[in-house]
Each structure stands twice: as C-alpha cells, then as structure tokens.
Amino acid sequence: MNTLLNNSDLFITGFRNTLILFFFAGVFALILGTIVATLRVSPIPAMRAAATLYINVVRNTPLTLVLFFFALGYPKLGLVEIDFMTAATVGLSLYTATYVAEAVRSGINTVPVGQAEAARAIGLTFTQTLTVVILPQAFRAVIPPMFSVFIALLKNTTVAAGFSVAEAGAIRSNLSERGEPAMAGLLWVALIFVLIVFILSFAQRKLEKKWKVAR
C-alpha cells in the first residue's frame, strides 16, 4: 500500500494517459473498423480488395512495429509533426481497427440475407440497407467479441510505454528510478488493470442483457 500511496502521482498520471489512449484509440478504431467492415461486404471488388489488404497487412504486423513506425519512421516523412501520445493513438487505432472490422463483418454475416433483399426490394440503396437494417443488428450480435477487442486494446496500451508515452506500462521503470520495490508496483498496476477490465466486462453484460430484451 505504501508503494501506491507514496507514488500516487506516477499511478495517477500513468493510468490517466492509459485511459486517454484507450478512449481515443477505441473510438477511432470503432469508426474506422466499421467503415472497413462495410468495404469488406461492398459489391465493388476494388473496395473489397483494398479492405482485405489493409486487414491482412496491419493485423499480421506486430503492434510494436506499428508503433515503432509512427514513433521513429513517421517523423522522417516530413509530414505534420505529432507528439508521441498522438502517434501512439494513431498506431493503436489503425491496429485495433482491423480486429473491429472482422468482428463487425462476422456480425453482418449473422443477419439473414432475406433482410437485405427485402430492403433492396423497397428501394433502399446499399448504404441505406447497411446503416438502417444490417449494422444495427450486427452490432447487437458482436457485443462479446467487440468487448474482447477493446479489452485487448486496453492491455495493448502498455506497449506505448516503450515509445516515451508516460502511461501505466511505464510506472515500473519510474518506480525503479525512485528506489521503490518494482514488484510491488507491478502488482498494483496489474490489480488496477483487473479492476478496469472488470468494469468493461460489467458494461458488456449490461449491454448484452439490454439489447437481448430489445430484440
């Protein structure tokens, strides 16, 4: 307990940055992943091919290499300058979006084909069919795998500590610099992560129960 109380500034800063990374990367990944999933089921072959290529390339690239590119490679391109926090957010978003896309696509595949055919029969376009008929049902079907993706994202934020982002993954090294017991610090970090995951799991059960009734 003394390790936590005596170094509360490190824990507060670390987990604040972790939650910021998690929130923004999660929002961007959800938006991008949904767009990529719709491209995967698009009637246009070029769009399907582009989405498939993006998913296969990024998902099969280690997250460390993705963050390494944005931390060290991107600045050499001479584009808009971004700080390490922004670079980590972008990298995590692009990486996690591939898993979101596959989860959403699996949800789209659970919707009966007849509903899409009925939507087209009454004059809805492909975009209208997706947004009005297909995606609302797809998201209900993929709550458990989607939350699993977000829980993985939460844990993946610790990789950003290796790229000068002061988040929870960097707490141990900072404690060592202060002469504090690193093992005790790691145990507190693990416990706080467990509590956050518990909250996400609770939210998952609530949404599952609510949307199951709504059906």
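This is a predicted model: local features need pLDDT of at least 70, side-chain atom pairs count only at pLDDT 80 or more; totals for chains, interfaces and linings use all residues.
1. Helix α3 covers residues 45-59, and its 15 residues, at 1.5 Å a residue, should span 21 Å.

2. The buried residues of α3 are Ala-51, Tyr-54, Ile-55 and Val-58. Because they cover an arc of only 95 degrees around the axis, these residues lie on the same side of α3. On the other side of the helix, Pro-45, Ala-46 and Leu-53 are exposed.

3. As to what covers the buried residues of α3, the elements concerned include α2, which runs over residues 8-40, and α5.

4. Helix α5 comprises residues 84-110 and contains both Tyr-95 and Tyr-99, which are four residues apart, or about one turn of the helix. The count of aromatic pairs in the model comes to five. Among them is the pair formed by Tyr-95 and Tyr-99, whose rings are 5.6 Å apart from centre to centre, with 55 degrees between their planes, and which is classed as tilted.

5. The two tyrosines of this pair can also be described by their accessibility. Tyr-95 has a relative accessible area of 12% and is therefore buried, the cut-off for this being under 20%. Tyr-99, at 32% relative accessibility, counts as partly exposed.

6. A further aromatic grouping deserves a mention: Phe-23, Phe-24 and Phe-28 are linked by ring pairs into a cluster.

Note on methods: Residues are numbered from 1 along each chain as its sequence is written. Side-chain values use heavy atoms; hydrogens and water are left out. Rings of Phe, Tyr and Trp (its six-membered ring) pair if their centres lie within 6.5 Å; planes under 30 degrees apart count as stacked, over 60 as edge-to-face and the rest as tilted. Helices (H or I, at least four residues) and strands (E, at least two) are DSSP runs, numbered from the N terminus. Buried means under 20% relative accessible area, exposed over 50%, partly exposed in between (1.4 Å probe, protein chains only). The expected span of a helix is 1.5 Å times one less than its number of residues. The arc is that of the directions from the helix axis to the C-beta atoms. Contact means heavy atoms within 4.5 Å.
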